[in-house]
Structure formats: structure tokens, C-alpha cells
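Here are my notes on the model, as numbered points. Please read them with the structure open.

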Amino acid sequence: MIKEIHDQDFENETATGVTVVDFRADWCPPCKMMDPILKHLSESDEFGQRVKFVSLNVDHDQQTAAKFDVQGIPTFLIKKDGQVVKRLVGARPKPLFAAELQKVLEN
């Protein structure tokens with residue numbers, strides 16, 4: 001499951017564990033391409049219980065996007081216990097995205 005969050009929720013929602021933050025917009029074709037990939041990963045046995053997936057719409061919640069210098073979308077931050085450990089920009093195939101997540105979980 002992917003939870004939609006807002007500027008005021010961001011710190012609390014990403015403070016513990018491993019969290020994938022999807023900075024996106026409704027009008028963005030690459031963002032839409034990533035939707036089924038993120039949904040599948042969030043519901044998978046491999047990541048569903050170990051990783052929290054959240055989405056932040058940059059059109060509505062610009063403060064957090066500006067804080068993390070999001071210049072292009074989709075941008076994905078992978079946070080571990082509140083700290084950004086990986087930044088990915090642009091759409092990518094599911095196996096590559098899963099491999100990046102796995103690296104974070106192994107460290």
C-alpha cells in the first residue's frame with residue numbers, strides 16, 4: 001500500500017524504519033509509469049512488511065519538495081530511520097528499483 005502524505009505529515013511518517021518517498025505529480029507521465037511498480041513492490045512479500053511506501057504530490061505540498069531540492073519528478077528518497085540514504089531520479093524498471101531497495105535493507 002502507498003500512503004499519500006503531506007508537508008505536515010512528512011517528518012512523522014518517515015522518521016522510523018525504511019521509507020520510500022515518491023515525489024510526484026498527477027500530470028507526470030513517468031510518475032504514472034512508476035505507479036504500478038511501486039504498488040507491486042509495496043504489496044510484495046519481499047518488501048511489503050519491511051518498507052513503508054509514501055507519496056507526496058509536489059503540486060500540493062511544495063515545502064517538502066523544496067527542502068529536499070526536488071528538481072525533477074519522479075524523485076524517490078529512500079530514508080532509513082529518518083535519514084536519506086538514497087536518492088533516485090526518474091522512472092526505472094521494477095528489477096532496478098527493487099535492487100536499490102534491497103541494497104538499503106542489507107546495510
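1. Terms and basis. Two strands pair if DSSP finds at least two bridges between them. Helices (H or I, at least four residues) and strands (E, at least two) are DSSP runs, numbered from the N terminus. This is a predicted model, in which local features need pLDDT of at least 70, side-chain atom pairs count only at pLDDT 80 or more, and totals for chains, interfaces and linings use all residues. Residues are numbered from 1 along each chain as its sequence is written, and side-chain values use heavy atoms, with hydrogens and water left out.

2. Overall layout. The protein chain has 4 helices and 5 strands. Their order along the sequence is β-α-β-α-β-α-β-β-α. The radius of gyration is 12 Å, close to the 13 Å from the globule rule for 107 residues, so the chain is as compact as a globular protein of that length. That radius is taken over C-alpha atoms, and the rule is 2.2 Å times the number of residues to the power 0.38. Along the principal axes, the C-alpha atoms fill a box of roughly 30 × 30 × 20 Å.

3. Of the 107 residues, 46% count as buried. Buried means under 20% relative accessible area, exposed over 50%, and partly exposed in between (1.4 Å probe, protein chains only). The accessible surface comes to about 5,900 Å², and 51% of it belongs to carbon and sulfur atoms. These areas come from the Shrake-Rupley method with a 1.4 Å probe; for residues, only the protein chains shown count as cover. Among contacts (heavy atoms within 4.5 Å) between residues at least 6 apart in sequence, 71% join residues at least 24 apart.

4. Strand S3. Which strands run parallel to S3? Strand S1 (residues 2–4) does, joined to S3 by 3 bridges. Strand S2 (residues 18–24) does too, with 7 bridges to S3. S3 itself covers residues 51–57; 6 of its 7 residues are buried, so the strand is largely enclosed by the rest of the structure.

5. Strand S2. Besides its parallel bridges to S3, S2 has 6 bridges to S4, and that pair runs antiparallel. Is S2 enclosed or open? Here 7 of the 7 residues are buried, so S2 is largely enclosed by the rest of the structure. Val18, Val20, Asp22 and Arg24 point one way, Thr19, Val21 and Phe23 the other, and all are buried.

6. The crossover. S2, helix H2 (residues 29–43) and S3 make a β-α-β unit, and it is right-handed. Right-handed has a set meaning here: with the strands pointing away from the viewer, the path from the first strand over the helix to the second runs clockwise.

7. Aromatic pairs. The whole structure holds 4 aromatic pairs. Rings of Phe, Tyr and Trp (its six-membered ring) pair if their centres lie within 6.5 Å; planes under 30 degrees apart count as stacked, over 60 as edge-to-face and the rest as tilted. Phe23 and Phe68 have ring centres 6.5 Å apart and planes at 50 degrees, so the pair is tilted. Phe23 lies in S2 and Phe68 in the loop between helix H3 (62–67) and strand S4 (75–80), 45 residues apart. Phe23 is buried at 0% relative accessibility, and Phe68 is buried at 16%. Phe76 and Phe97 pair edge-to-face, at 5.0 Å centre to centre and 80 degrees between the planes. They also link distant parts of the chain: Phe76 is in S4 and Phe97 in helix H4 (residues 94–106), 21 residues apart. Both are buried, with Phe76 at 0% and Phe97 at 0%. Ring pairs also link Phe10, Phe23 and Phe68 into a cluster.

8. His6. This residue sits in the loop between S1 and helix H1 (10–13). At 28% relative accessibility, His6 is partly exposed. Leaving aside neighbours within four places in sequence, His6 is in contact with Leu56 and Asp61. The C-alpha atoms of His6 and Thr64 are 8.3 Å apart, while the two residues are 58 apart along the chain.
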